Amino acid sequence: MEEILYYSYNDFSSILLIFFFHAVVFSILLLKNGTEENKRHSKWLAAFIFLGALYISPFMFGYAGWYGKDGYREFLYFMPLQQLFLIGPVFYFYVKTLLNRNLEFDRKDLLHFVPAIIYAIYILIVFITDYLILDEFYFYADGRDMDLDFWYQMAGLLSMLFYLYRSLKYYLNYRTISLQEVSFADEIAFKWIKHFIIAFSIILVLRVLFFILNPEWGKFGSKFWYYCCFSILLYYISITGYSNTIRTTIKLDDGLLEGLEPSENGERSKTSNEMEEDIALSEWKEKITQLFESKQVFKNSNLTLTDVADQLNTNRNIISKAINQEFQMNFNDFVNVKRAEAVIEQLKKGEHIKNTLLAIALDCGFNSKTTFNRAFKKHTSITPRQFIEQNQL
């Protein structure tokens, strides 16, 4: 019976094959989910996981004996399986589309994929020259896969580090803006993104360590352990990413997300215009306080900075500055303090005897028990239960 597919099963090739198979399955599931529910971030994550599967495939096939068998060796040579210039940009656009559902992919974004396109053209030229024109190896005369060349591996690593930095900055900017814009920042914190970035960071740290410990990247040697670690982290990303298909509910300015610095340290002297503005902000402080006390707008669990600005017939920038400078808090913390104070009032009235703490918290505007407990402890330094016990309520 003619052999259909040559594959030498051993400990190394079998382990990588298992992770490869799972990555392909999850990428298909995410693509299906993204297509059916029009979730662009799911499609980007599907692409990232599929690229991860391709990333381990040269070594998986290598341990299975493909580099030593005619036909199979040529496939590995001429098929650019390790798309190192694509992994970083795809990772970056997944983070962006998950955090900002209004993000539109435009022509300038294609610039991020120029290196990958150039490398693909280069491999195509190699294929045409070595396989179609010369019918012998010229570029591959040394018998080494170009995907494993040191220059390409190093350039790919630098590309991924660059996009890791941009993704981290984008996420930090998102968190800064969400704290300033909405009163439910914890509910849209996307902690999965933080874990995703950490997992990707570990992958790159391991990459750097293996470059140092085993600089001849084109040889297999001990690199199996790196690819095994990569596969485990990719498996974690696949499972966790598939279970986190939530989306933000606020509209964000992508230009602001790209340019805003997460924090500003240091002070500068104020101009006369800014000092005049401070006087006006103190007046806005009184108006904001009156609004929150009279209308109890904090009970709206989806309250935003724009909602407050509309009720005071002004713009959101004025309200944001007034809360930041006069109350020394961001909008999210300011509203949660008001909610925590409202809960304390209810506790003093003995409402906790008739209702659960969660019911009181929800009535005062909190979205969840976790957010309530965190905000209450941040405001009082003790938990709600401890507050009741200490005040003998």
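1. K108 is exposed, at a relative accessible area of 54%. Here, exposed stands for over 50% relative accessible area, buried for under 20%, and partly exposed for the range in between, with a 1.4 Å probe and protein chains only. K108 is joined to D106 by a salt bridge, with the closest N and O atoms 3.0 Å apart. The term salt bridge requires a side-chain nitrogen of Lys or Arg within 4 Å of a carboxyl oxygen of Asp or Glu. D106 has 32% relative accessibility, so D106 is partly exposed.

2. On the source: the model is predicted, so local features need pLDDT of at least 70 and side-chain atom pairs count only at pLDDT 80 or more, while totals for chains, interfaces and linings use all residues. Residue numbers start from 1 along each chain as its sequence is written, and side-chain values use heavy atoms, leaving out hydrogens and water.

3. Overall make-up. The protein has 17 helices and 0 strands. Both are DSSP runs numbered from the N terminus: helices are H or I with at least four residues, strands are E with at least two. Of the 393 residues, 47% are buried. Among contacts with a separation of 6 or more, 74% come from residues 24 or more positions apart. A contact means heavy atoms within 4.5 Å.

4. Other salt bridges. The structure holds 9 salt bridges. Side chains of opposite charge can pair when their charged atoms come close. R316 and E181 meet through their side chains at 1.9 Å, N to O. This pair links distant parts of the chain: R316 belongs to helix 12 (residues 316–326), E181 to helix 6 (residues 150–181), and they are 135 residues apart. R316 is partly exposed at 31%. E181 is buried at 15%.

5. A network. Salt bridges with shared partners join D70, R73 and E74 into one network. Within it, the R73 and D70 side chains meet at 2.4 Å, N to O. How accessible are R73 and D70, buried or exposed? R73 counts as buried, at 17% relative accessibility. D70 counts as exposed, at 59%.

6. Helices 7 and 8. Two packed helices are described by the angle between their axes and the distance between the axes. Helix 7 (residues 191–213) and helix 8 (residues 223–243) have axes that come within 10 Å and cross at roughly 175°. Helix 7 is therefore roughly antiparallel to helix 8. On the helix 7 side, the contact residues are W192, H195, F196, A199, I202, I203, L206, R207 and F210. Helix 8 supplies K223, W225, Y226, C229, F230, L233, Y236, I237, T240 and G241. By class, there are 14 nonpolar, 3 polar and 2 charged residues in this contact. Ala, Val, Leu, Ile, Met, Phe, Trp, Tyr, Cys and Pro count as nonpolar, Asp, Glu, Lys and Arg as charged, and the others, Gly among them, as polar.

7. Helices 13 and 16. Helix 13 (residues 331–348) packs on helix 16 (residues 369–380) at about 90°, with the axes 9 Å apart. These two helices are therefore roughly perpendicular. The residues involved are D333, N336, V337, A340, E341, V343, I344 and L347 from helix 13, and T371, F372, A375, F376, K378, H379 and T380 from helix 16. The class count is 8 nonpolar, 4 polar and 3 charged. For both pairs, axes are lines fitted to C-alpha atoms, for helices over the stretch in contact, and angles run from 0 to 180 degrees between N-to-C directions. Angles under 35 degrees count as roughly parallel, over 145 as roughly antiparallel, 65 to 115 as roughly perpendicular, and the rest as oblique.

8. N336. This residue is found in helix 13. N336 is buried, at 6% relative accessibility. Which residues does N336 contact, leaving aside neighbours within four places in sequence? They are S183, F366, T371 and A375. The N336 side chain also makes a polar contact with the R339 side chain at 3.1 Å. A polar contact pairs N or O atoms within 3.5 Å; within protein, one must be able to donate a hydrogen and the other to accept it, and residues adjacent in sequence count only if both atoms are side-chain atoms.

9. Backbone points to check. Q328 is not a glycine, and its phi is positive, near 55°. Q328 lies in the loop between helix 12 and helix 13 and is exposed at 63%. S381, also not a glycine, has a positive phi of about 75°. S381 sits in the loop between helix 16 and helix 17 (384–390) and is exposed at 58%.
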